[in-house]
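Work through the exercises below with the sequence and the model open. Each task is followed by its solution in steps.

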Amino acid sequence: MAGRVGIVAASMTKFEAAKTSQHLMDLVVEVTDKVVEAAGINLKDDVEAVISCSQDHWDGRTISSMPIPDATCSHLKDESKVAGDGAYAVLYGAMHILSGDNNLVLVVSHCEESITDGTMIENWSIDHIFHRMLGLDYTMGAAMQARRYMDKYKITPEQFAKVVVKNKGNARKNPYAQEAMDLTVDQVLKSKMLADPITQLQKKPVSDGACAMILASEEVAKKLTPNPVWITGAGNYYEHHNLGDRDLAECDALIKAAKKAYKMAGIGNPVKDLDLVELSEYYAPEELLWTEGLGLCGRGEGGKLIDSGKTQLKGQLPVNPSGGLLSGIPITVAGMTRVAEAVWQLQGKAGEHQVQGAKRAVAHGCGGLCGQMHCVLVLEKGGK
Amino acid sequence: MSNRVAIVGIGQTTHSGRRPYVNDGELIYDAVTKALADADLSINDMESVMAGNMDLFEGHALNDAMLNLYSGAAGRPGFKMNTGGTVGTMMAIQGWYHVASGLYDIVLVIGWEKHDEGLVTPAISTITDPAVDRHFLVGAIGGLATVSVAYMQRSGCKLEHAAMVRADASHAASRNPNAHMREIYSVEDVMNARMVMYPLNLLMCCPTSLGATALVLASESKAKKICKKPVWMKDHVTVHVEYGGAQFGIGEKRWTSHMEAGAKLFKRNHITKPMVETQVFEMYDPFAFAIPMWLEDFLVCEPNEGWKLVEKGALKLSGEYPVSPSGGVLCTNSIGDSAILRVAEAALQVRGDAGEHQVDREVKQALASGFGGSYWSDLLLLSKTMD
């Protein structure tokens with residue numbers, strides 16, 4: 001990257017199954033207040049632009065960012081909305097700074113999945129001419145993907161279940177997590193079958209919450225905090241949409257996104273060069289496939305990687321020490337919380353699930369049917 | 001210092017009210033193919049492909065991903081933005097950030113809408129808060145009728161002036177082969193149209209159209225190599241303010257987001273006489289009062305002068321300061337595409353390639369605007385030269 005973009009501070013709400021007493025904008029106010037306090041800035045005077053992230057269907061509202069200027073005190077400022085995953089909003093915020101247009105940007109995402117029927121929205125995102133009338137949703141897509149993955153690379157349901165045991169177990173140490181559980185592989189496999197091989201516990205629960213962060217130019221970031229986290233690499237790619245145009249056991253878009261981000265950040269060997277990874281696993285099998293895509297193991301070795309214990313909280317390269325999406329994070333907010341968790345880890349503020357001495361991390365956001373779009377960000381502390 | 005960004009390829013579909021045998025992906029493909037042909041490039045040259053529209057209008061979620069085979073985004077970088085009526089200008093601005101950040105050298109941005117496959121007014125009615133003021137505003141027309149009355153009261157503008165605007169627009173659109181409503185109307189025709197919500201009658205409201213527009217944007221070094229007539233995106237401003245039925249421009253209040261956008265853009269670019277220093281303005285003009293009222297609010301002319309310019313004929317295609325020489329949103333309104341179409345049309349005017357509706361003087365600088373939500377303004381300055 002030409003210049004450096006620093007993340008000064010990050011904030012989240014606690015994630016819950018249904019925040020019935022809070023309006024969507026209450027969530028935005030909460031995370032904005034928290035992040036402004038953490039960054040030690042004045043919201044009205046210092047924030048130059050706001051990038052929000054939400055999707056109209058999930059909010060049940062055309063232009064879901066309509067009330068953002070109110071909720072973020074950004075009257076007459078530049079506010080624009082990324083309609084996808086939160087990691088992309090962080091990337092877009094970084095572009096605002098790299099372009100020289102802004103020195104300090106607030107990035108915020110919000111979603112209350114509990115107010116709508118997600119299955120229908122997922123179906124509405126699927127090709128309306130050939131596939132939508134089949135009634136597909138993301139759970140069915142994930143099941144087909146998992147089956148293909150099992151078939152091609154001999155991954156087992158037990159290995160999928162281990163992801164759930166690890167992530168929901170890690171969530172016990174994360175005060176923001178919605179579902180912290182002490183599980184066994186057997187319990188995961190015996191929970192209600194949704195779409196073979198995906199059982200209830202292998203699917204991200206319905207969740208409400210928000211996330212925010214402050215991005216700044218190098219100079220401003222250094223003034224605001226002694227420990228800014230730098231975005232040193234970024235890559236994002238789309239997969240084809242039609243399932244017939246893809247091999248679901250492969251994740252070419254993620255591989256390309258990771259390669260691009262690693263090249264930018266000067267990472268030759270991700271296993272050695274990274275200290276932790278926070279990735280977006282809406283379903284347990286995705287974590288194994290995404291670890292392959294991110295180059296944390298060879299192709300087809302995702303199962304072996306979880307078996308090895310390397311991705312455990314105390315392992316060589318912890319994956320989702322926060323508990324991941326399986327512990328409950330809403331769509332659109334998902335990718336931004338991955339970045340926020342990585343920021344806290346690098347700032348040494350992760351609390352009980354802190355990875356000791358973490359210097360470099362990867363945050364990954366994704367969206368769409370069978371992970372149709374991927375965004376990879378490399379985050380680092382220190383440096384020149 | 002930002003990397004400079006130029007428009008090096010422009011493509012648009014023809015616009016119409018109904019095309020049952022063309023799907024939204026095919027519309028996108030048509031615009032993309034034309035933009036790439038205009039730039040003399042292939043889709044493989046595009047480093048990122050971004051497409052934006054309004055999710056609820058056709059009812060598709062994540063349709064950037066759904067239609068990425070048609071847009072060319074499959075296997076490439078890109079993501080979607082959605083900011084209401086300004087989504088088109090936002091796509092151009094999103095492309096600008098991609099290139100100006102130094103992360104990309106050449107990108108493709110697309111805006112589209114296919115209104116014949118959805119219901120616009122029920123979707124727009126959901127923009128306001130369900131608990132506070134959703135019952136105030138029905139679609140877009142509720143708010144726009146209110147501000148039109150307020151403008152008439154404070155400025156002296158009459159219904160006839162709005163009719164003149166629409167009649168002028170019809171003459172402009174009749175020369176634009178890609179416009180949707182190309183029928184020529186007299187002032188009398190417009191005055192006799194069916195009233196929809198006072199003071200806006202049917203012809204004073206924009207139609208619901210379908211269409212797509214694509215632009216190829218390139219960095220300075222790339223643009224100079226590959227393009228003979230680059231149009232420079234010299235500056236852009238986005239302003240969003242909080243909505244609310246009670247704040248919707250009633251009484252003396254003016255359109256504060258437009259005022260802020262105009263003030264910022266003109267100050268940053270040392271423009272003191274916008275009607276002299278820019279030669280054409282492609283405005284997002286979704287109702288007939290928009291042109292006189294918003295020329296004032298964008299600080300292009302003095303307060304209460306807009307309708308007098310209309311009366312003088314100054315804003316016609318052949319006038320001293322042509323506004324929306326393409327016929328504007330009044331004649332073609334495919335919402336997700338409407339604002340990027342303003343950028344495309346302004347760029348064509350700068351290049352001198354607008355054809356029958358090219359203005360009759362050299363265009364050194366042009367303005368293009370987007371409007372969305374209740375108060376959301378994008379204003380762009382395009383230029384023939386970089387400085």
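Two residues are in contact if their C-beta atoms, placed from the backbone, lie within 7 Å. Axes are lines fitted to C-alpha atoms, for helices over the stretch in contact, and angles run from 0 to 180 degrees between N-to-C directions. Helices (H or I, at least four residues) and strands (E, at least two) are DSSP runs, numbered from the N terminus.

The model is predicted: local features need pLDDT of at least 70 and side-chain atom pairs count only at pLDDT 80 or more, while totals for chains, interfaces and linings use all residues. Residues are numbered from 1 along each chain as its sequence is written, and chains are lettered from A and ligands numbered from 1 in the order in which they are written.

**Exercise 1. Describe the sheet of chain A and the helix that lies across β8 and β11.**

Step 1. Write down the strand order: the open sheet has nine strands, β3-β2-β4-β7-β1-β8-β11-β10-β9, with mixed pairing. Two strands pair if DSSP finds at least two bridges between them.

Step 2. Find the edges. β3 (78-82) and β9 (276-278) of chain A each have a single partner strand, so one side of each has no neighbour in the sheet.

Step 3. Check one pair. Strand β2 (residues 49-53) of chain A runs parallel to β3(A) and is joined to it by five bridges; A:Ile51 has A:Ser80 of β3(A) as its bridge partner.

Step 4. α11 (residues 252-265) of chain A lies across β8 (229-238) and β11 (373-381), at about 150° to β8(A).

**Exercise 2. Determine how α8 and α13 of chain A pack.**

Step 1. Read the geometry: α8 (residues 157-170) and α13 (residues 284-293) of chain A pack at about 100°, with axes 7 Å apart.

Step 2. Classify the angle. The two helices are therefore roughly perpendicular (65 to 115 degrees; under 35 is roughly parallel, over 145 roughly antiparallel, the rest oblique).

Step 3. List the contact residues. α8(A) gives A:Gln159, A:Phe160, A:Ala161, A:Val163 and A:Val164, and α13(A) gives A:Ala284, A:Pro285, A:Glu287 and A:Leu288.

Step 4. Sort them: seven are nonpolar, one is polar and one is charged. Here Ala, Val, Leu, Ile, Met, Phe, Trp, Tyr, Cys and Pro count as nonpolar, Asp, Glu, Lys and Arg as charged, and the others, Gly among them, as polar.

**Exercise 3. Characterise the contact between chains A and B, then B:Gly75.**

Step 1. Chain B contributes 49 residues and chain A 48 residues.

Step 2. On the side of chain B, α5(B) has the largest share, four residues. By class, that side has 23 nonpolar, 20 polar and six charged residues.

Step 3. B:Gly75 sits in the loop between α4 and α5 of chain B and touches A:Tyr237, A:Tyr238 and A:His240, leaving aside residues up to four places away in sequence.

Step 4. With 16 other C-beta atoms within 10 Å, B:Gly75 is partly exposed.

Terms used:
A residue is buried if 20 or more other C-beta atoms lie within 10 Å of its own, exposed if 12 or fewer, and partly exposed in between; C-beta atoms are placed from the backbone.
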